Amino acid sequence: MNATLEQAQELDRRDPLARWRDEFVIDDPDLIYLDGNSLGRLPKRSAARVREVVEREWGQRLIRGWGDGWLTAPQRIGAQIARLIGAAADEVIVGDSTTVNLFKLVMAALHARPDRRKIVTDDLNFPTDVYVLQGAAKLAGNRLDVVRSEDGITVPSAALAAAIDADAALVELTHTAFKSGYVYDMKTITEAAHRAGALMLWDLCHSVGAMPLALDACGVDLAVGCTYKYLNGGPGAPAFLFVRRDLQEQLLSPIWGWFGQRGQFDMTLDYQPAPGITRFLAGTPTLLSLAAVEPSVEMILEAGIDRLREKSVRQTEYLMALWEEMLAPLGVKLNSPRDATCRGSHVSLGHPEGLRIDRALIEEMRVIPDFRFPDNIRLGIAPLYTSYADVYEGIARLRRVIVERRYEKYPHARPAVT
Ligand SMILES: Cc1ncc(COP(=O)(O)O)c(C=O)c1O
């Protein structure tokens with residue numbers, strides 16, 4: 001292909017979504033940011049909205065802000081996110097972290113299947129998910145069955161289906177695997193869980209905002225997801241949870257808090273779960289963080305999630321073509337699926353010196369990817385703002401680091417954050 005930066009710039013000129021990049025704060029155009037799958041960039045609209053909430057709503061309206069829309073923000077923003085994940089407006093609510101929401105839904109599910117002892121997951125899952133499952137299994141007296149991936153990249157649906165038997169209470173998986181970017185077949189696995197009588201819980205952290213999802217059409221029971229990756233909600237932004245409507249009244253959060261109480265301001269001392277999805281709230285929402293989420297979700301809805309997925313697929317295909325031409329001959333492996341239909345919006349490249357290469361990229365090449373143990377240099381495409389020129393430059397600079405052996409001057413020790 002003999003790729004050039006000019007070709008990438010031509011692809012940018014023809015990109016119908018290119019204008020969205022101007023909606024983000026980009027103060028250094030030479031910095032190649034390929035980590036929007038960990039922390040999305042700052043949308044200008046979110047910065048303005050947070051300023052308004054701080055200065056006008058908090059500064060002037062004070063406690064009256066709760067009556068002006070703060071109290072209903074978790075439901076209101078949940079309803080917007082519902083449109084991105086193929087759910088009904090009253091099936092999603094925003095609040096707490098992904099980890100806390102996982103705990104709530106896992107415990108609720110285990111209590112709803114008291115005669116079953118098994119929880120099924122796999123070893124591509126994100127550590128916090130597995131820790132929550134381990135903790136919940138200990139609390140509720142269940143056992144955890146972790147299905148192994150043969151290649152570290154995928155887990156076939158059939159291998160999962162084989163582990164889901166009549167003793168399974170719950171199946172919990174991350175829809176887009178955090179290292180390899182493998183995307184599971186949501187419908188097939190959800191059906192396998194239901195055939196066995198188990199509940200299905202999906203972690204959507206690496207999927208939401210990067211691809212259309214169809215939770216209701218797939219019959220999904222439960223889901224969680226974060227808002228700081230492709231939804232650009234900012235560091236520590238609250239997560240969301242989804243509970244299928246007909247299950248809501250059957251399930252109970254293990255955290256009985258006053259925001260999940262029926263008639264919250266009656267201040268009675270007997271817990272009565274609020275109707276519907278609201279029962280899954282716990283305490284006061286983190287309003288300032290929540291404020292940043294709303295405009296950024298609106299932007300994704302405006303741009304169109306189908307069009308964003310189309311661009312993401314085109315860009316990950318482009319990235320892989322560049323890898324094949326410029327990096328594979330240098331011994332860099334592809335640690336992600338080749339097939340776009342089962343690949344999310346990030347690509348992992350493997351190299352035994354991955355950690356030090358990552359370090360050199362950040363410290364001297366003005367490229368920000370991230371690194372996932374043991375050898376994954378993870379490159380995230382956020383189609384709302386990643387340009388083809390970003391992708392080209394990211395790969396070209398990565399090649400220079402390897403060819404010029406620039407990584408050799410860095411220590412092997414792992415920094416605190418990778
Ligand atoms: C798949 C997945 N689940 C959960 C989390 C983290 O959850 P929390 O927002 O509670 O830190 C991450 C963080 O990157 C993740 O990738």
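A residue is taken as near a molecule or strand if its C-beta atom, placed from the backbone, lies within 6 Å of it. By this criterion 13 residues surround the ligand, the closest being Ser 97, Thr 98, Thr 99, Phe 126 and Cys 205.

The model is predicted: local features need pLDDT of at least 70, side-chain atom pairs count only at pLDDT 80 or more, and totals for chains, interfaces and linings use all residues. Residues are numbered from 1 along each chain as its sequence is written.

Helices (H or I, at least four residues) and strands (E, at least two) are DSSP runs numbered from the N terminus. At least two residues of the ligand shell come from each of α4 (98–112) and α5 (127–140). The shell holds five nonpolar, six polar and two charged residues. Ala, Val, Leu, Ile, Met, Phe, Trp, Tyr, Cys and Pro count as nonpolar, Asp, Glu, Lys and Arg as charged, and the others, Gly among them, as polar.

Two strands pair if DSSP finds at least two bridges between them. Seven strands make an open sheet of mixed pairing, in the order β2-β8-β7-β6-β5-β3-β4. Because β2 (92–94) and β4 (143–147) stand at the edges with a single partner strand each, one side of each lacks a neighbour in the sheet. β2 runs antiparallel to β8 (residues 240–243), joined by three bridges; Ile 93 is opposite Leu 241 in β8.

Axes are lines fitted to C-alpha atoms, for helices over the stretch in contact, and angles run from 0 to 180 degrees between N-to-C directions.

| Helix | Strands touched | Angle of directions |
|---|---|---|
| α3 (residues 73–85) | β2 and β8 | about 125° with β2 |
| α7 (residues 186–195) | β5 (168–174) and β6 (199–203) | about 150° with β6 |

Definitions and conventions. Contact = placed C-beta atoms within 7 Å.
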